[in-house]
Amino acid sequence: MHLYLIQLLRAALHGKPPAAPPEDLDWRQLYTQADFHSVACAAYYGILMLTEEQQPEPEVLGLFRKAAQIVLGRETMQEYELQHIMEELDNKGIPYMPLKGWKLKHLYPRPDMRSMCDVDILVRQEDMKEFPAIMKESGFELEYHGMHHDEYIKNETLSIEIHRLLFEPDSDWYEYFKSYMERTSVLASKRQERQLPPEDFYLYLIAHMAKHFRNGGTGVRSIMDVYVYQKAYGDSLDTAYVQREFEKLGLGGFARAMEELAQSWFAGEQIRSDCHPKMADYIINGGAYGLKDRGILSSVHEAGNHKGKYLLRRFFPNRHFMAAQYPCIEKAPVLLPLFWGVRAFRTVFFRRESFKREMQTVYERDGEKREQIEEIWKDSGLSQ
């Protein structure tokens, strides 16, 4: 199933018709898979290069068409809203940098081939206080206040995340990326928009993927991003610098694995079945367990498969993590033990089923499941 989805995406990226679909292809199941990975729009452009006889039945083709129309409409609205907000930031002299998908989509043959659920903007910590008024004036409401970003929603359909940090303070990569705005340069004269050197953008792209891979998995779209970025900048990147920095981050093996998988899927004529098969299955199919469960199992593995160490982290998070939920801790760290108790109380009495499932995952899904996670991490380069 996933092989033909990859063929459709590769066709869309290269503008060349894909091979004829297998006779027993379940198009509805392929649509479900494409939608899950947020690539239904890109897959639709691949389908349009098939002959009419090779395309799915009208009902399923309509699902792909509708997905493409939704992505195009959302992309248009995101463009309009972000341009308005960027003008406000320019006028107020606030430096900012759009992140991830906003930059990547312009490297695709069509911007709408790279769908985005939200738009991410990085700003300086000291400028965060300006955003409630700026966003309210643009019709957005604060939906979520977190450790490293605030999320604003408009009309329940548009989401913009304002980042003060690229990674949470408890992340392995927090220290490396906490001052990333200092690496930027002004994009255009008399404007406040910043841009990273291509090498540093790529470092963040891979680190962000690794974060999601650890926490339950990344998707096909992320592998497309790697391929598209490498195609656009690969020959001009300072590879010695990039490789050196990846090693500092502990991501040298992971970056190589992602690049190899991206080349296997989207560059050649044939998909190599021997290219990181365990990692590919984990990305495509989600493994044998749900996203939540595999995120828990990955976290246990990261704790050295020591359940006690994992539970200690869960029951007694560090101050930075707790301050995102209880801001008063930042000013009064002495209150941290009190709010550990508050958090435990709320978990036991208001999130009992979720807590029960997590404990079952930690204590019951061991042995063979842990070995599978270990094999996946080794295949991905996260375990040396």
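**View 1. Contact between helices α1 and α11 in the predicted model.** Ile 6, Leu 9, Arg 10, Leu 13 and His 14 of α1 meet Ser 264, Trp 265 and Phe 266 of α11. Sorted by class, the residues in this contact of α1 with α11 are 5 nonpolar, 2 polar and 1 charged. The axes of α1, which spans residues 2-14, and α11, which spans residues 252-266, come within 9 Å and cross at roughly 85 degrees; because angles of 65 to 115 degrees count as roughly perpendicular, α1 and α11 are described as roughly perpendicular to each other.

**View 2. Lining of the largest cavity.** The count of cavities of 30 Å³ or more comes to 1, and the largest cavity holds about 30 Å³ of space. Its lining is made up of Val 71, Arg 74, Glu 75 and Gln 78, together with Arg 114, Ser 115 and Met 116. By class, the residues that line the largest cavity divide into 3 charged, 2 polar and 2 nonpolar.

**View 3. The second largest pocket and the elements that line it.** This pocket has a volume of about 530 Å³ and is lined by 25 residues, of which Gln 125, Met 147, Arg 164, Leu 165 and Tyr 174 lie nearest its centre. Strand β2 (119-123) and the helices α7 (174-177) and α15 (319-325) each supply at least two residues of the lining of the second largest pocket, with α15 giving the most, namely 3 residues. The lining of the second largest pocket comprises 14 nonpolar, 5 polar and 6 charged residues.

Key. Residues numbered from 1 in each chain as written. Predicted model: local features only at pLDDT ≥ 70, side-chain atom pairs only at ≥ 80, totals over all residues. Heavy atoms only, no water. Axes fitted to C-alpha atoms, helices over the stretch in contact; angles between N-to-C directions. Helix = DSSP H or I, 4+ residues; strand = E, 2+ residues; numbered from the N terminus. Parallel < 35°, antiparallel > 145°, perpendicular 65-115°, else oblique. Contact = heavy atoms within 4.5 Å. Nonpolar A, V, L, I, M, F, W, Y, C, P; charged D, E, K, R; others polar. 1 Å grid on protein atoms, 1.4 Å probe; cavity = no way out; pocket = protein on both sides within 12 Å on 5 of 7 lines; lining within 4 Å. Points joined across faces, edges and corners; volume = space filled by probe spheres on them.
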